[in-house]
Amino acid sequence: MWIYLILMVALVIIDQVIKAAIVSHIALGASTSIVTGLLSLTNLHNNGAAWSILEGKMWFFYLISVIALIVMGYLLWRLRGKWLYEVGISLMIAGTLGNFIDRLRIGYVVDMFQLDFINFPIFNFADSCLTVGVIFILIGVLRDDSFENKLQGADNVAGATTEQQFTITDQTGRLDKVLAALQSVWTRSQVDKLIKTDQVTVNGQLEASKYHVKPGDEIVVAAQTVQQTTIEPENIPLDIVYEDDDVLVVNKPQGMVVHPAPGHPNHTLVNALLYHSPLSTINGEFRPGIVHRIDKDTSGLLMVAKNDRAHQSLAAQLKAKTNLREYVALVHGVIKEDTGTINAPLGRSPKDRKKQAIVKTGRPAVTHFKVLKRYQHYTLISCRLETGRTHQIRVHLQSIGHPLVGDPLYGPKKTIKGHGQFLHAKLLGFKHPVTGDLLTFEAPLPPIFTTTLAKLDKTDGNH
């Protein structure tokens with residue numbers, strides 16, 4: 001926010017310096033041509049609005065200026081983290097202040113720029129700031145209402161699923177290219193996002209963007225329409241493990257959704273983070289700052305980007321698999337091996353769209369596990385991720401016959417009661433996006449986890 005305060009002060013100073021120079025060098029009412037037939041400099045005292053509307057009504061301009069400054073200051077605070085709005089509102093505040101200072105100091109506004117080729121009111125630098133500010137805000141509004149931003153939020157806010165079906169006749173080539181050609185409002189990047197979020201099937205199967213489309217293929221696109229358009233900051237307490245100007249590490253409690261999703265439009269971690277700090281904008285309006293996610297009922301550490309530079313660095317580390325993510329999990333059954341690796345591709349289940357499953361056409365997923373302690377009917381393990389697919393640990397462990405204890409989606413009905421799966425993101429490590437220092441953090445197990453383990457020590461016994 002400081003950068004915008006500095007911007008506003010600088011613009012007000014520039015405005016006042018220009019006005020002082022005009023008054024000193026050009027006589028009242030005189031004019032000097034700068035670009036013949038296009039632009040002139042003049043010295044005009046305006047005690048009204050454009051074209052001298054409401055001339056002499058100083059009380060009106062005082063009132064309007066004060067109200068406008070209060071409203072814009074509030075909007076600047078509420079829309080923090082959205083740079084187009086922040087720049088636009090900052091310009092408008094500076095423009096309003098520049099003219100307000102004139103009216104308070106000398107009782108009129110000094111105007112100087114005259115467009116000679118059109119009947120346009122003479123204006124000043126402050127007016128220019130106001131105009132450019134409005135343009136920035138309009139661009140922000142148009143971008144928020146664009147299909148791309150709706151697409152980015154489609155899987156994150158309450159909405160209805162819309163389905164489009166295409167039967168290929170003679171089109172061939174890559175799946176993303178063919179879809180972009182079939183639906184002209186979609187760009188390649190938008191189609192790629194649909195495919196990567198498992199919203200596109202070919203002949204009932206998930207396929208990658210590079211899949212070669214053939215005549216006769218049935219392509220179905222199931223995307224969600226967006227009903228919610230903004231995320232409100234909420235004053236929700238956060239367990240912040242680390243924070244600086246670029247990154248933030250938070251220990252998310254079990255039961256909190258990371259970002260707005262169907263059925264959870266608010267009271268999420270993102271709502272709380274927006275109240276606490278500006279966040280990066282790379283993931284759009286609905287996932288600001290979120291580099292990676294954990295499920296609602298999974299507790300533990302998450303890294304959050306406070307600016308776009310940090311986001312790019314952290315995302316690159318995730319892609320290169322250079323960061324550390326270690327979980328502690330309690331699973332059903334006794335795992336005989338001390339260590340193991342599960343390497344199985346994951347995608348949306350063809351039988352239940354709420355679930356993920358191991359499918360041949362899914363995205364690569366690798367989970368390494370290590371036994372920490374064995375009980376008579378359960379095993380406590382640690383899991384390290386090479387990849388971060390949706391429900392990866394939950395699906396992988398179910399696939400080897402050891403589902404997570406308490407998992408309502410992938411586990412058995414008869415399980416230990418808790419508040420969801422017993423899965424905790426205990427360790428998190430990454431290189432700082434600016435300094436390059438290796439940072440490692442650890443979060444203790446939540447009370448429900450430690451209490452359950454203590455009971456198992458007494459009742460289940462070691463194995």
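This is a predicted model: local features need pLDDT of at least 70, side-chain atom pairs count only at pLDDT 80 or more; totals for chains, interfaces and linings use all residues.
**View 1. The whole chain, for orientation.** The protein chain has eleven helices and 20 strands; these are DSSP runs numbered from the N terminus, with helices being H or I of at least four residues and strands E of at least two. Of its 463 residues, 47% are buried (under 20% relative accessible area; exposed is over 50% and partly exposed is in between, with a 1.4 Å probe and protein chains only). Take the contacts with a separation of 6 or more: 67% of them are between residues 24 or more positions apart, a contact being heavy atoms within 4.5 Å.

View 2. D15 and K19 pair up through their side chains at 2.9 Å, N to O. A salt bridge here is a side-chain nitrogen of Lys or Arg within 4 Å of a carboxyl oxygen of Asp or Glu, and by that rule the count is 13. Both partners sit in α1 (residues 2-25), four residues apart, or about one turn of the helix. As for length, the 24 residues of α1 should span 34 Å at 1.5 Å a residue, and the end C-alpha atoms lie 35 Å apart, which agrees; the expected span is 1.5 Å times one less than the number of residues.

**View 3. Helices α2 and α3 side by side.** The axes of α2 (residues 58-78) and α3 (residues 83-106) come within 10 Å and cross at roughly 155°, so the two helices are roughly antiparallel. The axes are lines fitted to C-alpha atoms over the stretch in contact, with angles from 0 to 180 degrees between N-to-C directions. Angles over 145 count as roughly antiparallel, under 35 as roughly parallel, 65 to 115 as roughly perpendicular and the rest as oblique. The crossing is left-handed, meaning that the near helix is turned anticlockwise from the far one by less than a right angle (clockwise would be right-handed). Among the residues that meet are F61, Y62, L69 and L76 from α2, and I89, I93, F100 and L104 from α3.

View 4. D338 is in the loop between β13 (324-332) and β14 (339-343), while R374 is in β17 (residues 366-374), so the pair ties together parts 36 residues apart in sequence. D338 is exposed, at 52% relative accessible area. K373, also in β17, bridges to D457 at 2.7 Å, N to O. D457 belongs to helix α11 (residues 447-459), 84 residues from K373. Both ends are partly exposed: D457 at 39% relative accessibility and K373 at 28%.

**View 5. K336 in the β13–β14 loop.** K336 is found in the loop between β13 and β14. With a relative accessible area of 75%, K336 is exposed. The C-alpha atoms of K336 and V371 are 8.7 Å apart, though 35 residues separate them along the chain.

Note on methods: Residues are numbered from 1 along each chain as its sequence is written. Side-chain values use heavy atoms; hydrogens and water are left out.
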